[in-house]
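Please keep the sequence and the structure in view while reading.

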Amino acid sequence: MSTGKRAKRVLIVVLAVALLTAVIPFAAHRARQALYPQKYEDCVRMYAQEYGIDEKYIYAIIRTESGFDPKAESDAGARGLMQITRETFEWIKTKIAPDEQIGFDSLYDPETNIRFGSYFLSFCLERYDGDLSTAAAAYHSGVSKVNELLKQSEYSSDGRTLHTFPYSQMSNYVRKVQKNYEQYCALYS
């Protein structure tokens, strides 16, 4: 093989490797974004700003709770993107929509669900000093359950945040929310 042909082949291989080196990370990043989407972006942004919380917290909860299915319904009867129960819906309604003619079925509407879920998440974050793990535990298992655990030194050293989650379902939920939040931070920060 002549020196000119060999140099041309080497140049083609080098260019192909350089192109692949540039394309593969971009494609991998896009694939990860597809797994961690930012659907309902306008609603999430609006309510994150209104309630003073990080948008990525909302996305982490939505991905954990419903996988972005606005028609999701749990065995416990929680509804919509952020999986809100009837009892929690009624309580939130007294706080942010006492005069509005909306019912529990309204939680299938993404905007309504994100509005109510974001308010409740902000309430939990504020109550538990901004600690996402403790707030997520309260969002999932209830504020009264978390308040009881905070009184026990084996679960909380300061009475304000949990360092241990004694129930497997609670612990798994908190771990998923944290993982999802970390992924959203890595992809969108």
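Accessible areas here come from the Shrake-Rupley method with a 1.4 Å probe. On that basis the chain, which is a predicted model, exposes about 10,700 Å², and carbon and sulfur atoms supply 52% of this area. Of its 189 residues, 42% count as buried.

**Overall fold**

- The chain has eight helices and zero strands, so that its pattern, read along the sequence, is α-α-α-α-α-α-α-α.
- Among the contacts with a separation of 6 or more, 55% are made by residues 24 or more positions apart.

**Nonpolar core**

- The largest nonpolar core holds 51 residues, and the members that touch the most others are Ile 58, Ile 62, Phe 116, Leu 121, Tyr 139 and Leu 162.
- Two or more residues of this core come from each of the helices α2 (41-51), α3 (55-65), α4 (86-96), α5 (110-127), α6 (132-141), α7 (143-150) and α8 (168-188).
- In soluble globular proteins, nonpolar side chains tend to be buried together.
- Phe 116, once its neighbours within four places in sequence are left aside, is in contact with Ile 84, Phe 89, Ile 92, Lys 93, Ile 96, Ala 97, Ile 102 and Leu 107.

- Apart from neighbours within four places in sequence, Arg 115 is in contact with Tyr 47, Tyr 51, Ile 96, Ala 97 and Glu 100.
- Asn 180 belongs to helix α8 and is likewise buried, because its relative accessible area of 4% is under 20%.
- Not counting residues up to four places away in sequence, Asn 180 touches Tyr 36, Ala 60, Arg 63 and Thr 64.
- Asn 180 and Tyr 59 are 121 residues apart in sequence, while their C-alpha atoms are 8.0 Å apart in space.

**Cysteines**

- A disulfide is a covalent bond between the sulfur atoms of two cysteines.
- With a cut-off of 2.5 Å between cysteine sulfur atoms, the count for this model comes to zero disulfides.

**Packing of α6 and α7**

- The axes of helices α6 and α7 come within 7 Å and cross at roughly 130°.

**Backbone points in the loops**

- Tyr 40 is not a glycine, yet it has a positive phi of about 60°, and its place is in the loop between α1 (3-35) and α2.
- The relative accessible area of Tyr 40 is 26%, so this residue counts as partly exposed.
- Asp 129, found in the loop between α5 and α6, also has a positive phi, of about 55°, although it is not a glycine.

Definitions and conventions
Residues are numbered from 1 along each chain as its sequence is written. This is a predicted model: local features need pLDDT of at least 70, side-chain atom pairs count only at pLDDT 80 or more; totals for chains, interfaces and linings use all residues. Side-chain values use heavy atoms; hydrogens and water are left out. A nonpolar core is a set of buried Ala, Val, Leu, Ile, Met, Phe, Trp, Tyr and Cys residues joined through side-chain atoms within 4.5 Å. Buried means under 20% relative accessible area, exposed over 50%, partly exposed in between (1.4 Å probe, protein chains only). Helices (H or I, at least four residues) and strands (E, at least two) are DSSP runs, numbered from the N terminus. Contact means heavy atoms within 4.5 Å. Axes are lines fitted to C-alpha atoms, for helices over the stretch in contact, and angles run from 0 to 180 degrees between N-to-C directions.
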